Amino acid sequence: MKITPEEVQHIAALANLRLSGADIERYTRDLEEILSYVDQLNELDTSGVEPMAQVLHEGNAAQLRTDEQGRSFDQQTALRCAPLPGEGHFKVPRVIER
Amino acid sequence: MDDFKQLTVDSIGAGLRAKRFSARELAREALRVAEAENRASGVYLSFTPERALAAADRVDAELAAGAEIGPLAGVPLAVKDVIMTRGEKTTCASRALERFVAPYDATAVERVERAGAVIVGKTNCDEFAMGSSNENSAFFPVRNPAAPDRVPGGSSGGSAAAVAGGYAPISLGSDTGGSIRQPASFCGAVGIMPTYGRVSRYGLVAFASSLDHIGPFSRTVKDSALLLGTIAGPDPLDSTAASAPVPDYAGELNAQVRGLKIGIPKEYYGEGLEHAVGTKVQAGVDLLRGLGCEPVEISLPHTRYAIASYYLICTAEASSNLARYDGVRYSRRSEGSGTLREMYRNSRAEGFGPEVTRRIILGTYVLSSGYYDAYYRKAQEVRALIARDFAEAFETVDAIVTPVSPFPAFKLGEKTSDPLQMYLSDIYTITGSLAGIAGMSVPCGTTQEGLPVGMQILTNHFQEQTMLNLGHAFEQAGGFEG
């Protein structure tokens, strides 16, 4: 499995990560090594195998609660966690040009 | 006071009832010892003295009023710093959440406090629970109480070392691919990954949602049984918390183990297993045989594919879960970024350490357009095969006994340069995680160098009682000493 630095750069952009040149080099190497390792899964014929998307088993699954209005955070509690709250909102750099 | 470092839930209850010490004295002692040694041990990231003393005072007031107290009342407890504690820092050992104060309690936290347990602090761990050595903590490493130049294992290294090192008799950790069982084995503690869905994940900061579990650490099997019984059960706040009734684990602990069939999977005793570990676990199996259990060789044929499947699934889920750390709502924000996009990228770059970044990159790659079927779907299919291996085995055996890790605790820095080698060390724990079954590490002696070795007991979904009974019988027969 050959991975290029450009691919890592592209993936980092998708994941909103900023990487330095040395980072890109390192993660290109790591990704290549790990993906070569996981290639062994292709030794297995999994045709007809249902992917395991659900861990809980029938009979043990959770019961859904009734859909009733309950208590939630107030705005102040949620905003107290934010690095830059203001006027009851989360502040971010300007996204709309005037 | 009794020797604080040796206390168990039982001895604390007896001491409190006999008025040999108060819950407040106990809490202060727990805080004093842990704080005094924390620079050397690295166990705690923060302490919660006000909360601890308030909880202790409630217990003392009940005792003074002549009320009956429950088994966990007044017991100091450490909580891994990926589990939310209202009004206290919950950092996930990450720069991204360095200043984050949790706005609510995890269900497990609420339940232990309702039972009277006294939370003394938040324990160190690998960043966002990603790692097998605790060296990925953004702040400082944890040292193994049995050998300070060695790692405690990970990711719940602080919670394991808190119990084994004598700072708290019980603690809570989280296990995604072995993060409770492996540090328990490295440090010489009891550690449990309950069945997926047995314990609510509400308030556990998400890493890989289909694999994450909260579970207990303790010095005795009975204490883990008590703690598990307290935190287990359905929860309207977690739709994956199963409705299956919770047995009286501690009350049923002495049930007969004679006649239980113990599966010995040959794939777990072959290449890669260090001799010093293998002989200890083999001796443990022999002890179980002596107790009347019947060891049977079995095969779990897809074992060798588990790590590949696991590292595709967990990184895919992690890349999705960690998208929320955007520097807007609660995580660290980078100062002075011009645009919103730059702010996201700079905040995440400053917030995440190398292992977290590596896993986000891998996870984003395997979920990206054109690769989904080749990687994520394939991994989920192989996961189904691994789960089927266990389902078939449990048709004929009551439990499966294996090593926890191929080797004992390694030296700090020894494996940090090669991520894949670090991943490969999780081979014996990852399989049970993928299958969603229950697993426990119990101490089974030490190597000649004095390093603890753990024996893993796996049981089928919601069969924790059998697992605990085996562990308890093993402990009573002297198995912990090896």
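Is B:Ala129 buried or exposed? I began with this residue, keeping in mind that the model is predicted. I found B:Ala129 to be buried, because 29 other C-beta atoms lie within 10 Å and the cut-off for a buried residue is 20 or more.

**Entry 1: backbone of chain B**

I placed B:Ala129 in the loop between strand 3 and helix 5 of chain B.

I then turned to B:Phe462, which has a positive phi of about 65° although it is not a glycine. B:Phe462 sits in the loop between strand 11 (452-459) and helix 15 (464-476) of chain B. I counted B:Phe462 as buried, because 22 other C-beta atoms are found within 10 Å.

**Entry 2: helix 5 of chain B**

I went through helix 5 of chain B residue by residue and found that 8 of its 8 residues are buried, so the helix is largely enclosed by the rest of the structure. Among these buried residues I listed B:Gly157, B:Gly158 and B:Ser159, and also B:Ala160 and B:Val163. Just after helix 5 of chain B comes B:Gly166, for which I noted a positive phi of about 95°.

**Entry 3: chain B as a whole**

I recorded 15 helices and 11 strands in chain B. The radius of gyration of chain B is 21 Å, close to the 23 Å that the globule rule gives for 482 residues, so I describe chain B as being as compact as a globular protein of that length. Taken along the principal axes, the box filled by the C-alpha atoms of chain B is roughly 65 × 55 × 45 Å. I also noted that 63% of the 482 residues of chain B count as buried. When I looked at contacts in chain B between residues at least 6 apart in sequence, I found that 76% of them join residues at least 24 apart.

**Entry 4: where chain A touches chain B**

How many residues does the contact take from chain A and from chain B? I read off 43 residues from chain A and 58 residues from chain B. On the side of chain A that touches chain B, helix 1 and helix 2 (21-38) of chain A each supply at least two residues, and the largest share, 7 residues, comes from helix 2. Sorted by class, that side of chain A has 31 nonpolar, 7 polar and 5 charged residues.

I next examined one helix pair across the two chains. Helix 1 of chain A packs against helix 11 (residues 354-367) of chain B at an angle of about 95°, with the axes 9 Å apart, which means that helix 1 of chain A is roughly perpendicular to helix 11 of chain B. From helix 1 of chain A, the residues A:Val8, A:Ile11, A:Ala12 and A:Leu14 meet B:Ile361, B:Thr364 and B:Tyr365 in helix 11 of chain B. I sorted the residues of this contact into 6 nonpolar, 1 polar and no charged.

Finally I looked up A:Thr4, which lies in the segment before helix 1 (5-14) of chain A. A:Thr4 is exposed, because 11 other C-beta atoms are within 10 Å and the cut-off for an exposed residue is 12 or fewer. I noted that A:Thr4 and A:Gln69 are 65 residues apart in sequence and, C-alpha to C-alpha, 51 Å apart in space.

Conventions. Residues numbered from 1 in each chain as written. Chains lettered and ligands numbered in written order. Predicted model: local features only at pLDDT ≥ 70, side-chain atom pairs only at ≥ 80, totals over all residues. Helix = DSSP H or I, 4+ residues; strand = E, 2+ residues; numbered from the N terminus. Contact = placed C-beta atoms within 7 Å. Nonpolar A, V, L, I, M, F, W, Y, C, P; charged D, E, K, R; others polar. Axes fitted to C-alpha atoms, helices over the stretch in contact; angles between N-to-C directions. Parallel < 35°, antiparallel > 145°, perpendicular 65-115°, else oblique. Rg over C-alpha atoms; globule rule 2.2 N^0.38 Å.
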